[in-house]
Amino acid sequence: MSIKRILVNTIDTDLEYEVIGIDLAKNCVSAILLTTDGEIFGIDRLDYQELEKSAQELSPTIFAMEPCTEMNYMVQKLEDWGHHLSLIHISEPTRPISIS
């Protein structure tokens, strides 16, 4: 079975999501959205205001993210809107690859 990621610019609040993975950066968010139908949507750059607006309109879902400095504010907001949070901890540091 081939899995295709569909690139979009916004979160479609009419869809139901199994999980939304977000990568918080200084000025924007990257996201991967897995619908309950198994479709995968990707957003390369989403500003924080758009994420917050969409999250308020979504039915409760799971948001997954890595721990970072921007996380505390976003976790509090998402939980206030009824969402569940899952923090992803990387157990092993990445190793540099040397090319000879």
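Serine 54 lies in helix α1 of what is a predicted model. With a relative accessible area of 3%, serine 54 is buried, because the cut-off for that term is under 20% relative accessible area. If its neighbours within four places in sequence are left aside, serine 54 is in contact with Ile11 and Thr13.

The buried residues of α1 are Tyr48, Leu51, Glu52, Ser54 and Ala55. These residues cover an arc of only 170° around the axis, and they therefore lie on the same side of α1. What covers the buried residues of α1 includes the elements β2 (17–24), β3 (29–35), β4 (40–46) and β5 (62–65), together with α2.

Two packed helices are described by the angle between their axes and the distance between the axes. Here helix α1 (residues 48–57) packs against helix α2 (residues 71–80) at an angle of about 20°, while their axes are 10 Å apart. Since angles under 35 degrees count as roughly parallel, α1 and α2 are therefore roughly parallel to each other. The crossing in which α1 passes α2 is right-handed.

At the level of residues, α1 contributes Tyr48, Leu51, Glu52 and Ala55, which meet Tyr73, Met74 and Leu78 in α2. Sorted by class, this contact of α1 with α2 has six nonpolar residues and one charged residue, with no polar ones. Tyr48, Leu51, Glu52 and Ala55, which meet residues of α2, are also among the buried residues of α1.

How values were computed. Residues numbered from 1 in each chain as written. Predicted model: local features only at pLDDT ≥ 70, side-chain atom pairs only at ≥ 80, totals over all residues. Heavy atoms only, no water. Axes fitted to C-alpha atoms, helices over the stretch in contact; angles between N-to-C directions. Helix = DSSP H or I, 4+ residues; strand = E, 2+ residues; numbered from the N terminus. Parallel < 35°, antiparallel > 145°, perpendicular 65-115°, else oblique. Left-handed = near helix turned anticlockwise from the far one by under 90°. Contact = heavy atoms within 4.5 Å. Nonpolar A, V, L, I, M, F, W, Y, C, P; charged D, E, K, R; others polar. Buried < 20%, exposed > 50% of the residue type's maximum accessible area, 1.4 Å probe, protein only. Arc of directions from axis to C-beta.
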